[in-house]
Amino acid sequence: DNGDGKTDVPAGLTNAVAVSGGAWHSLALRAGGTVVAWGNNSSGQRDVPADLTNAVAVACGDFHSLALRADGTVAAWGMSYYGQTDVPVDLTNAVAVAGGLFHSVAVRRDGTVTTWGDDDSGRLQAPVDLTNAVAVAAGWSHSVAVRRDGTVAAWGRNDNGSTTVPVDLTNAVAVAAGQYY
């Protein structure tokens with residue numbers, strides 16, 4: 001579905017080292033640490049902050065965008081009806097970010113997970129035993145994290161088993177999350 005131009009990569013976009021796709025827009029991270037956005041802009045999710053530099057990762061929520069800076073801080077813009085772009089003031093040393101429907105998630109260098117935005121369905125309630133996280137993904141009403149030992153944790157609403165982690169899943173190195181999966 002390209003009704004909003006989310007698959008129309010801007011002409012001249014070069015040196016992309018990472019991409020992220022949301023429900024209505026897309027982001028690319030350039031090698032120099034700048035961010036390019038395209039697609040729907042109904043909630044300002046394409047309005048990359050003018051002062052955003054030194055980005056090392058990007059993530060799309062449905063109507064918001066996130067960028068992780070090299071210094072471990074997070075920039076967020078777009079819809080914030082539920083606080084999903086209100087980055088916690090004490091969030092430092094982040095190493096990964098993810099955006100869901102109305103929530104955002106970050107992993108800190110020490111392996112802890114920070115969440116913010118709408119807590120409907122427990123999407124902000126990371127398991128208390130979640131430590132040593134290295135990667136994270138966010139779906140509509142759930143989030144998923146990979147621990148350093150390759151095990152996976154998931155929390156939030158369990159539509160279609162989206163937070164039911166297979167008991168035999170080991171050695172994971174990355175995760176992804178969709179609307180209900």
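1. Let's start with Tyr180, which is partly exposed because its relative accessible area is 31% (buried is under 20%, exposed over 50%, partly exposed in between, with a 1.4 Å probe and protein chains only). A quick caution: this is a predicted model, where local features need pLDDT of at least 70, side-chain atom pairs count only at pLDDT 80 or more, and totals for chains, interfaces and linings use all residues. Residues are numbered from 1 along each chain as its sequence is written, and side-chain values use heavy atoms, leaving out hydrogens and water.

2. Now the rings. There are 3 aromatic pairs, counting Phe, Tyr and Trp (its six-membered ring) when centres lie within 6.5 Å; planes under 30 degrees apart are stacked, over 60 edge-to-face, the rest tilted. Tyr82 and Phe102 are a tilted pair because their planes sit at 40°, with centres 4.4 Å apart. Phe102 is buried, at 17% relative accessible area, while Tyr82 is partly exposed, at 39%.

3. Back to Tyr180: its partner is Trp140, with ring centres 5.6 Å apart and planes at 70°, so this pair is edge-to-face. Trp140 is partly exposed too, with a relative accessible area of 28%.

4. Have a look at the largest nonpolar core, which has 12 residues, including Ala98, Val105, Ala138 and Trp155. A core here means buried Ala, Val, Leu, Ile, Met, Phe, Trp, Tyr and Cys residues joined through side-chain atoms within 4.5 Å. Apart from this core lies another one of 11 residues, among them Leu29 and Cys60.

5. What is Ala138 in contact with, leaving aside neighbours within four places in sequence? Its partners include Ala98, His103, Val105 and Ala177, where contact means heavy atoms within 4.5 Å.
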